[in-house]
Amino acid sequence: MKTEASIGGQACRPILKVERLEKRYTRQSLSGTREELVALRGIEFSILPGTTLAVVGESGSGKSTLALCLACLEQPTSGRIWFEGRDISQLAESGRREIRPQIQLVFQDPANSLNPRWDVLEILSEPFVLQKRTTIKGMKQRAVSLLERVGLSSGIVARLPQELSGGQRQRLAIARALALEPKLLILDEALSALDCSVQAQIANLLMDLQDSLGMTYLFVTHDLAMAAHLADEIAVMNCGRIVERGPAEEVLRVPKHESTRELLAAVPRIPRTPNSVTG
Amino acid sequence: MRYLLGRAAHALFLVVGVSILTFLFTTLAPGNYFDEMRMNPQIAPETVAALRAQYQIDRPLPVRYASWLNSVVHGQMGYSFAYNSPVAPILLMRARNTLLLAITATLLAWGIALPLGIWSAERLGRLPDRLVSWATAALLVIPDLALALGFLVIAVRTGWFPVGGMSSLDFDSLTLSGKFRDLALHMVLPVAALVLSALPLLIRHVRAAVAEVLDAPFLLAARGHGIPRRVLVYRYALRAAANPLISLFGFSIGTLLSGSLLVEVVMSWPGLGPLLLESILARDLYVVIGGVLLSTLFLVTGNFIADILLYWADPRIRRESTAA
Amino acid sequence: MTFVLEIRDLHVSYRSREGDLRAALAEVSFELRAGEILGVVGESGSGKSTLAAAIVRLLPATGHITRGAVHFEGKDLLQSEFEELRQIRGGRISLIFQEPSLALHPTLRVSEQVRQVVAAHKTASKNAHRERTSQVLATVFPEQADRISRSYPHQLSGGQRQRVLIAQAIACGPRVIIADEPTASLDPTTQMEILTVFRTLREKLGLAMIFITHNPALLTGFADRVLVLYGGRVIELGPAGTVLASPRHPYTKALFQSVPENPGERENSRKTRLPSIAGDWSPASTRREECSFAPRCAERMDVCGERKPNLLNIGESHAVSCFKYEN
């Protein structure tokens, strides 16, 4: 288990630190009444570089809002977010644009986050074009190397997203997220829409990438089993608050909060007997 | 409720704005009614000058606008030089004739477009649908003018229908049922021309909206429940496809007055169209303004009706506009 | 042993845009017994949704049932007339689709949507329909049935919408319910709730159910028998206890292993690679004369590339389609 001390001499400073984060949404309806929705309340945690933090909770617990705030796609109402020692919570748009390549987001449904009219090459080149960082020649080379990194064959550069399988699309989304070499990858239910066996493949890919590139992951999910498998630390959210947080094993073996216990109880389990492994 | 009041206020603002702009543009346009008179050697210049003073042609613009507004409030809407009477009664009578034509045509057109569009959507891509598409494309290509003229030719050649106009010469001496019959006969051709020119657009939109819904998962689920076809199409599909169609309906109300202009002129139907045309040519200022304003009012009303219908038909819109 | 539903040698194909027929299901045969829950495990490309649609002939225009029979209440549904079929759909066999947010009409109230199902099959008066509707909604929503019935779908949560679909499914007292991934888009706790609803309905109403899912773990303690679909074919079929605890087919084994360990149970498996199945399912291998799983199979033998295996019994009503067991 990775602890602060055991990360072989690297900086033990957290790559991401969140302090008293709050996010409120207000809606003014035409009849004059104001509606306030508190999506996040008093969120505090930090992530060490090269590790995985899983944020688990039911829908409505605020975990997706958290992902958006951390990716600089939503502005928090109050509180601070420190990324590599820099406060990114109240940045102007130009500052946020600078930070975004370093924090990338992978969504649940690649069908919605990949432009259906672009082929694979265009999708993978988009981040570079947006950051104005490449020539046309370099684009195809970079695309191919990205594809290889996520285990896709270079032969698919001309295909459209709908011609790929669910697993391939999600790999493509990950490849695009890796294009600008981010330090932090936020995965918002990135495995939930996939078949079981494909989830295993993508989970393995993520672990490999973490080993080879030293990626840090924030893994938002309601699947506690997968979170348990991938995470070093687990934070449990309920109604916008973090109700329990700690090293993965502790949280799973000795859950302190009721929400954690409920989530644990709700995990569907396959009966595992010695036979099932060797068959 | 607040939503609707908001829309009503918005509509009022629009009408007032249009009235100002229309006033501005028509008075700024070169020439006025009295230019004709001035050129006429038989009319003494003093008469012309007196008339001009009487109609305040030479007063500054805001003053004229204010006195016109005053006249509107009193239900007169200014004065027509050509007809020598307040504008309102003339406009309203002509508007009535136009509405008679336009409403009949709209109802008929929708009455044909809805079933035909639905029927086409159910058979999307197959031969019957393609036939309908070709037919509507052909209709779309034929200019309204050609349609109207074509009908006139039919009237002349066959003698089955009166050639233009709204009533026969002996209208007043007919019995009640005779009057109805006479009116109906006069209406057939102009209404037919209007319906045929409106159909292609309507059919295409109905077809597109319904086809999209027929593909939707909830419709498949309803079929899975064994819901019979009639209910599927008219209660499920149509209701779900209603949004764009309601907007289209509002738009067709909006163009009720202006859309029939061409047909009215060609077929000598005494509606707003011919009135507006001759008033513009004669620079009969207040009639023109009144006519434009009436058209705007209809457009705005059409949108407003569409808004109300949308609010009633789609609970999601209701939710957006009131506190949860 | 009475069979409520019997599928015999079902073959379904789709016509591609180029005009050729691509097989989606082949040689599918199984029975559904009265009051049992049959869990169908299948991933993308296995043909599971095709199976659900094919049983009541609700395939899209490109889908064709090329062979087979579906016996239900003494009739072969594949030969039935349209009106007969319409009566059976929703009335005797109900289908619950995926994605509850899409399967409900957006602008009709919940009560209306349930009532329409009742009205489509019962010839009683309007009042009787309304009564039946409130009865059904009260069964599925023990609390708040009133408020829910007046609501529109967009005002409900995912779990509530799913319950509405269930209400529609049981409204006319069917004998069979076919549920296609009914819990796929739901939270884990809501998932468990819905499974409990199904169990209760089975006890109370004696329903038989086909429960289609891609996650075999859901079937533990829920399904009576499990059927595994791969590449459009039945590759394993048997009692749930046996299949889940000791699967025989290499695909089934690999699939179960790729589900992460039960959290909190085994310590050392965290952050290790999950045993996963290499590659993706490819439609090409279903067309060739070989076992569809052969390209990805860790236990592949020579014969696996020569022809397709048959579904054979290897024990107490446990059947597998694999050359390893063909002796």
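How are H6(B) and H8(B) oriented to each other? In this predicted model, helix H6 of chain B covers residues 127-141 and helix H8 of chain B covers residues 176-214. Two packed helices are described by the angle between their axes and the distance between the axes. Here the angle is about 135°, and the axes lie 8 Å apart. An angle over 145 degrees would count as roughly antiparallel, and 65 to 115 as roughly perpendicular, so H6(B) and H8(B) come out as oblique to each other. Their crossing is left-handed.

Now for the residues that do the touching. On the H6(B) side, the contact is made by Val132(B), Thr136(B), Leu139(B) and Leu140(B). H8(B) answers with Leu196(B), Leu199(B), Pro200(B), Ile203(B) and Arg204(B).

Next comes chain C, which has 11 helices and 12 strands. Its radius of gyration is 21 Å, close to the 20 Å that the globule rule gives for 327 residues, so chain C is as compact as a globular protein of that length. The C-alpha trace of chain C spans about 65 × 55 × 45 Å along its principal axes.

Within chain C, four strands make up an open sheet with antiparallel pairing, and their order is S2-S1-S4-S5. Strands S2 (21-33) and S5 (75-76) sit at the edges; each has a single partner strand, so one side of each is left without a neighbour in the sheet. At the S5(C) end, two bridges join this strand to S4 (residues 63-72) of chain C, and the two run antiparallel. One residue pair to look for is Phe72(C) with its bridge partner in S5(C), Lys75(C). A helix goes with this sheet too: H1 of chain C (residues 48-55) lies across S1 (3-15), S2 and S4 of that chain, and runs at about 70° to S2(C).

Finally, how many residues of chain C are in contact with chain A? The count is 36, and they meet 38 residues of chain A. The elements giving two or more residues to the chain C side are helices H8 (188-205), H9 (240-245) and H10 (250-257) of chain C. H8(C) gives the most, with four residues.

Conventions:
Residues numbered from 1 in each chain as written. Chains lettered and ligands numbered in written order. Predicted model: local features only at pLDDT ≥ 70, side-chain atom pairs only at ≥ 80, totals over all residues. Axes fitted to C-alpha atoms, helices over the stretch in contact; angles between N-to-C directions. Parallel < 35°, antiparallel > 145°, perpendicular 65-115°, else oblique. Left-handed = near helix turned anticlockwise from the far one by under 90°. Contact = placed C-beta atoms within 7 Å. Pairing = 2+ DSSP bridges. Rg over C-alpha atoms; globule rule 2.2 N^0.38 Å.
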